[in-house]
Amino acid sequence: MITSKIKQRIVGKGRGAIFAPSDFLDIGSRASVDQALSRLADQGVIRRLTRGLYDYPKHSPLFGALAPSADDIARAVARKDNQVLQPSPAMAANQLGLSTQVPSNPTYMTDGPTRTKKIGRQVIQFRNASPKTLVGAGSKTGTVFQALRYVGKDRVDDQVIGKIARTLDAKDRAQLAKQSRHVPAWMHPVVDQIVAHA
């Protein structure tokens, strides 16, 4: 019964979903959830990525089961451990199109311990960071603050401001303005320009 309920929820999330036993504790006890996930993994419905982390893999006709993205894994790890997550400055700059460099090992800032997770061929780094670095974690605004850190105080120009502004909607801009009081002082005028950018 528990196994079929868990399977239903997993299938409902769609291929590519990553989850931990803690995501199903409303269905059954930890022991019964672990058992059900183990059974589903044995049946080939889901794949065990690492201890306490599974996915419902996407399939390609050519390559079979595809590896999940580093971003999806990092978010699932943070959710499992009840931590906040923010891309590193270099990753944030890349995501917003301010840098073409792709960090070789995806790195995330978190309020949890500094550690490295190896999942399949992927090596993902988690670095403990101060609350100031984690402003806006998990949202578009957090990515903006991190990207500004990467660009640096003296290299922010109209082009950078325009590029960032184009990725934000009205709600993001309002949130950015509100959260900017928690970031370094040099970012305040930059945020004002981003928010005012037409």
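Contact here means heavy atoms within 4.5 Å; axes are lines fitted to C-alpha atoms, for helices over the stretch in contact, and angles run from 0 to 180 degrees between N-to-C directions. Helices (H or I, at least four residues) and strands (E, at least two) are DSSP runs, numbered from the N terminus. This is a predicted model, in which local features need pLDDT of at least 70 and side-chain atom pairs count only at pLDDT 80 or more, while totals for chains, interfaces and linings use all residues. Residues are numbered from 1 along each chain as its sequence is written, and side-chain values use heavy atoms, with hydrogens and water left out.

**Sheet and packed helices**

An open sheet of 4 strands is arranged in the order E6-E7-E9-E8, with mixed pairing, where two strands pair if DSSP finds at least two bridges between them. Strand E6 (85–87) and strand E8 (115–119) each have a single partner strand and stand at the edges, so one side of each is left without a neighbour in the sheet. On average, and with direction ignored, neighbouring strands of this sheet are turned by 30 degrees against each other. The pairing of E6 with strand E7 (residues 107–110) is antiparallel and extends over 3 bridges; within E7, threonine 110 is the bridge partner of leucine 85. Helix H3 (residues 70–80) packs on the sheet and touches E6, E7, E8 and strand E9 (122–128), its direction making about 45 degrees with that of E9. H5 lies across E6 and E7 and runs at about 45 degrees to E6.

**Nonpolar cores**

A nonpolar core is a set of buried Ala, Val, Leu, Ile, Met, Phe, Trp, Tyr and Cys residues joined through side-chain atoms within 4.5 Å; buried means under 20% relative accessible area, exposed over 50%, and partly exposed in between (1.4 Å probe, protein chains only). The largest such core has 21 residues, of which Val144, Phe145, Leu148, Val156, Ile164, Leu176 and Ile194 touch the most other members. Two or more residues each come from helix H4 (89–95), helix H5 (140–151), helix H6 (158–166) and helix H8 (187–196), and H5 gives the most, with 5 residues. Valine 144, leaving aside its neighbours within four places in sequence, is in contact with Leu96, Ile164, Leu168, Leu176 and Ile194. Another core, of 16 residues, lies apart from this one and includes Ala20, Ala70, Ala76 and Met91.

**Rings and charges**

The structure holds 2 aromatic pairs; rings of Phe, Tyr and Trp (its six-membered ring) pair if their centres lie within 6.5 Å, and planes under 30 degrees apart count as stacked, over 60 as edge-to-face and the rest as tilted. In one of them, phenylalanine 19 and phenylalanine 24 have ring centres 5.6 Å apart and planes at 80 degrees, so the pair is edge-to-face; both residues are buried. A charge sits over a ring if NZ of Lys or CZ of Arg is within 6 Å of the ring centre and within 35 degrees of the ring normal, as in these cases.

| Charged residue | Ring | Distance from ring centre |
|---|---|---|
| Arginine 15 | Tyrosine 56 | 4.2 Å |
| Arginine 115 | Phenylalanine 126 | 5.3 Å |

**Loop residues**

Asparagine 82 lies in the loop between H3 and E6, is exposed with a relative accessible area of 71%, and has a phi near 60 degrees, a positive value in a residue other than glycine. Aspartate 111, in the loop between E7 and E8, is partly exposed at 41% relative accessibility. Leaving aside its neighbours within four places in sequence, aspartate 111 is in contact with Gln83, Val84, Asn128 and Leu134.
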